[in-house]
Amino acid sequence: MRLRNIKGAKEAIAASPYVVHNPEEYKGRWCDFFGNDHPIHIEVGMGKGKFITTLAALHPEINYIGIEKYESVMIRAVAKREAAEDLPNLIFLRYSAENLQDVFAEGEVARIYLNFSDPWPKDRHARRRLTSSEFLARYRSFLSSTGRLEFKTDNRPLFDFSLEEIRSSGWELRDVTYDLHHSEYMTGNVMTEYEERFSAIGNPIHRLVAFPPQN
Ligand code: SAM
């Protein structure tokens with residue numbers, strides 16, 4: 001994603017009631033934060049937030065946490081959240097995926113969404129990909145044993161790499177498709193900003209669901 005400095009983004013995020021600035025304090029206590037014991041679903045690298053804001057409106061019975069590393073992008077998600085109807089089940093973290101074990105306790109998250117994650121095409125950067133075995137090990141530390149990870153991308157090399165990393169890390173793959181928009185899994189699909197952009201120019205969207213090892 002091309003990053004521009006957006007004037008005032010840092011200040012607006014710092015002042016936003018929809019951004020949790022001290023998320024480590026809620027590790028193991030997110031139920032208390034939301035005031036209910038609904039399942040927690042997170043999107044890592046949410047970008048401008050269309051996907052997770054749409055899901056939060058559709059599913060008030062789920063608590064959603066959108067995570068994004070860059071303020072210049074996240075400010076768009078905060079604006080959407082402000083424009084939306086009341087969504088007590090949606091909050092944002094400006095946080096790096098690398099450190100999410102500091103934010104979530106074992107088994108605390110029921111679902112992880114990764115959408116159009118940065119591909120990091122050079123081999124020497126493979127460990128930075130959010131579906132690398134290093135990241136899968138991090139996710140496993142807080143994903144519930146009955147939880148799942150869902151990943152969408154139009155980038156075939158990244159998708160193939162992800163299938164391999166997921167298999168070799170002992171996760172179970174299900175519902176794999178190389179063309180989501182023309183598949184049986186399209187029902188209920190919520191499009192992300194990148195998905196809209198790339199499907200509009202004819203790129204097939206790849207999608208997988210993965211379940212963590214049970215031992
Ligand atoms: N998910 C959105 C979509 O599908 O429209 C955005 C996709 S964009 C290509 C990837 C996003 O992931 C960017 O906004 C980027 O800043 C964010 N990101 C990349 N690495 C990250 C990390 N380690 N932790 C948190 N966010 C990250």
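Let's start with the second largest pocket: 18 residues line it, and R111, Y113, E150, G188 and R207 lie nearest its centre. By pocket I mean an open set of points on a 1 Å grid over the protein atoms alone, where a 1.4 Å probe fits, with protein on both sides within 12 Å along at least five of seven lines; a lining residue has an atom within 4 Å of a point. The elements giving two or more residues to this lining are α3, β4 (109-115) and β5 (143-153), and β4 gives the most, with three. Helices here are DSSP runs of H or I, at least four residues, and strands are runs of E, at least two, numbered from the N terminus. The volume is about 300 Å³.

Before I go on, a quick caution. This is a predicted model, so local features need pLDDT of at least 70 and side-chain atom pairs count only at pLDDT 80 or more, while totals for chains, interfaces and linings use all residues. Residues are numbered from 1 along each chain as its sequence is written, and side-chain values use heavy atoms, with hydrogens and water left out.

Now, the largest pocket. It holds about 590 Å³ of space. Of its 28 lining residues, G45, E68, S117, D118 and L130 are the closest to the centre. β1 (40-44), α3 (50-58) and α7 (193-200) are the elements that give two or more residues to that lining.

So what takes up the space of the largest pocket? The ligand does; sitting in a pocket means more than half of a molecule's atoms lie within 2 Å of its grid points. There are 20 residues around the ligand, and G45, E68, A97, N115 and T192 come nearest; "around" means a heavy atom within 4 Å.

Look at the ligand's oxygen atoms next. A polar side-chain atom of E68 lies 2.6 Å from one, and a polar backbone atom of Y194 is 3.0 Å from one. Taken alone, the ligand exposes 600 Å², and the protein buries 96% of that, using Shrake-Rupley areas with a 1.4 Å probe.

That's me done, thanks!

Methods:
Grid points are joined across faces, edges and corners, and a volume is the space filled by probe spheres set on the points. A polar contact is a pair of N or O atoms within 3.5 Å; within protein, one must be able to donate a hydrogen and the other to accept it, and residues adjacent in sequence count only if both atoms are side-chain atoms.
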